[in-house]
Every structure is written in structure tokens, then in C-alpha cells.
Amino acid sequence: MGKLERASWPMRLSMIALFVMAYPFLVFAHIFFPSSKGAKVLQFPVVKFLCHAMSFLAFLLLIVVSTIESTKSVSAARTMGSHYPEEHLNYLAYRRIHNNTVYGEDFPLRASFPSPTEMMMSLWIIGMVCQECNQIYHNGVYEHMMDLYNLLDFVLLSVYIATFTLRYWVMYKFRIALDFFSDPTNINITSVNSPLENVYWMNTVVIVVVVVVVVVVVVVVVVVVVVV
């Protein structure tokens, strides 16, 4: 690491680029051959700092991309009538039978499956939770919680877990609601609220404001942690 500190900036950038390209192989060596010379590179403090900073920046970029995807997910082109015509006909039949016009004849849909960005963020969160558990195991709960930075990490991870748990739960409820309207006999059930509850889980307009607010809060917390 001393050579890196004394090297010129072009040499530093070149060495960092080489390290980034070799990082997956170094991680593999660290897991399966922890005593090897290449694996010990990851134990240097400066390398740990760079990896931690790059991980946070990459995760922050994923949050920004996910926010952009969330704002664009509400589209007039992706509606129940355009994507699920048979289920939409059953929904229209329900509206005629019960004379219910709460949600209109058609409406934009929520996401029914996580995007690649959300999957990557989920893996990132799992990794951060494992890292936090490892620190608690080695330092102890009391010593770990006495550090303000660890408390910030705990709050941050709690927000992440709550956000993605709710997001995946909504996707699960979306599939249940879609199965509900796939059966024409369900529109004649005596409970009038049951079809409305299923429409609620499919309609994206109801939740889009809440999702945007939660994502903004997550971004602010991440920025505070990185800056501090």
C-alpha cells in the first residue's frame, strides 16, 4: 500500500482499475483460500475502506435507478384492460352487477414482479445485514450499539427491510388479486368488499405517493450516512 501512496495519480487510477477488475477473484480467494497471499490484500485497511465506500456508492446509484423506475412504472399504457383482458372483463362485470364505480372502468397496474434493480438491491441489503450480524457477533450487542454509526446503520437497514418487505408483499397480493378476477364466479360473491380489496392491491395510484416518499427518505438517510 505504500507504493500506492507514493505513486502518481495516473498510476493510482490504473492500480484501482486493476483492483476493481480483480476484486471478484480476490473475494473468491478470500472465501476458499483465506491464508493465500492474494486473499490477504482484502485485509488491508485502505482496501476495506475503498470497498466499503464503493459498495455504498453503488447502492446509492441503485436507489436512484430504482426511484426513476418507480416513477416511470405508472403508465397509462400498462392497465388492467391492456395486460389482462379476461380479468378486466370480469372486473367490468362486477362493476355492473354491484353498481360500484370506485376505481373506474380501467386503471394503471402496480408492479407484479421485482425488477432486476430491486433484485440487486435485495441482495445488497442481505449482504449488509450479514455484515451487521457479523459485527454484533464479534463486538457484542452492547458495545455495538454504543457506537452512533452502528445505530445509524441499524436504522438504515430497518428502513430498507421494511420498504422491500412491503414492496414484495404488495407484489404477492397483486398475484392473489389477479387470480381472484381470473375466476368469473368470484364476481357474484355476497361480500361486496372482497372484490374491492383485490382491486386495491392491483391499482398503483393508491400507493405510488407512499412509495415515492419512502424512497426519498431512504435516499436522504443514505446520503447522511455517507457524508457523516
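Trainee: What makes up the lining of the largest pocket by class: how many nonpolar, polar and charged residues does it have?

Mentor: In this predicted model, the lining has 24 nonpolar, eight polar and three charged residues. The largest pocket itself has a volume of about 1,400 Å³. It is lined by 35 residues, and those closest to its centre are Lys 48, Cys 51, His 52, Ser 55 and Gln 131.

Trainee: Which elements give two or more residues to that lining?

Mentor: They are helix H2 (9-32), helix H3 (45-73), helix H6 (116-139), helix H8 (148-182) and helix H10 (208-227). H3 gives the most, with eleven residues.

Trainee: What is the corresponding result for H5, at 1.5 Å a residue?

Mentor: H5 has 14 residues and reaches 20 Å from its first C-alpha to its last, close to the expected 20 Å. The residue that follows H5 is Asn 99, with a positive phi near 55°.

Trainee: Which residues of H6 are buried?

Mentor: Thr 117, Glu 118, Met 121, Ser 122, Ile 125, Met 128 and Glu 132 are buried in H6. An α-helix has 3.6 residues a turn, so residues three or four places apart point the same way. In H5, the buried residues are Glu 87, His 88, Asn 90, Tyr 91, Leu 92, Ala 93, Tyr 94 and Arg 95.

Trainee: Why is Thr 79 called buried?

Mentor: The term requires a relative accessible area under 20%. Thr 79 has 11%, and therefore it is buried. Thr 79 is placed in the loop between H3 and helix H4 (80-83). From Thr 79 to Asn 203 the C-alpha distance is 9.0 Å, although they are 124 residues apart in sequence. Across the protein chain, buried residues make up 31% of the 228 residues.

Trainee: What makes a set of residues a nonpolar core, and which residues have the most contacts inside the largest one?

Mentor: The members must be buried residues of the listed nonpolar kinds, joined through side-chain atoms within 4.5 Å. The largest such core has 17 residues, and Met 80, Tyr 91, Phe 107, Leu 109, Phe 174, Phe 181 and Met 202 have the most contacts inside it. Two or more residues come from each of helix H5 (85-98), H8 and helix H9 (193-202). H8 provides the largest share, five residues. Another core, of eleven residues, lies apart from this one and includes Met 121, Ile 125, Met 128 and Leu 156.

Trainee: Where does UniProt place the feature "transmembrane region"?

Mentor: The unreviewed UniProt entry places the feature at residues 12-33, 45-68, 151-170 and 200-227.

Trainee: How much helix and strand do residues 12-33 and residues 151-170 have?

Mentor: Residues 12-33 are 95% helix and 0% strand, with end C-alpha atoms 27 Å apart. Residues 151-170 are 100% helix and 0% strand, with end C-alpha atoms 29 Å apart. The protein chain has ten helices and zero strands.

Key: Residues are numbered from 1 along each chain as its sequence is written. This is a predicted model: local features need pLDDT of at least 70, side-chain atom pairs count only at pLDDT 80 or more; totals for chains, interfaces and linings use all residues. Side-chain values use heavy atoms; hydrogens and water are left out. UniProt positions are given in the numbering used here, feature names are shortened, and annotations may be inferred rather than shown by experiment. Helices (H or I, at least four residues) and strands (E, at least two) are DSSP runs, numbered from the N terminus. On a 1 Å grid over the protein atoms alone, a cavity is a set of points where a 1.4 Å probe fits but cannot get out, and a pocket is an open set with protein on both sides within 12 Å along at least five of seven lines; lining residues have an atom within 4 Å of a point. Grid points are joined across faces, edges and corners, and a volume is the space filled by probe spheres set on the points. Ala, Val, Leu, Ile, Met, Phe, Trp, Tyr, Cys and Pro count as nonpolar, Asp, Glu, Lys and Arg as charged, and the others, Gly among them, as polar. Buried means under 20% relative accessible area, exposed over 50%, partly exposed in between (1.4 Å probe, protein chains only). The expected span of a helix is 1.5 Å times one less than its number of residues.
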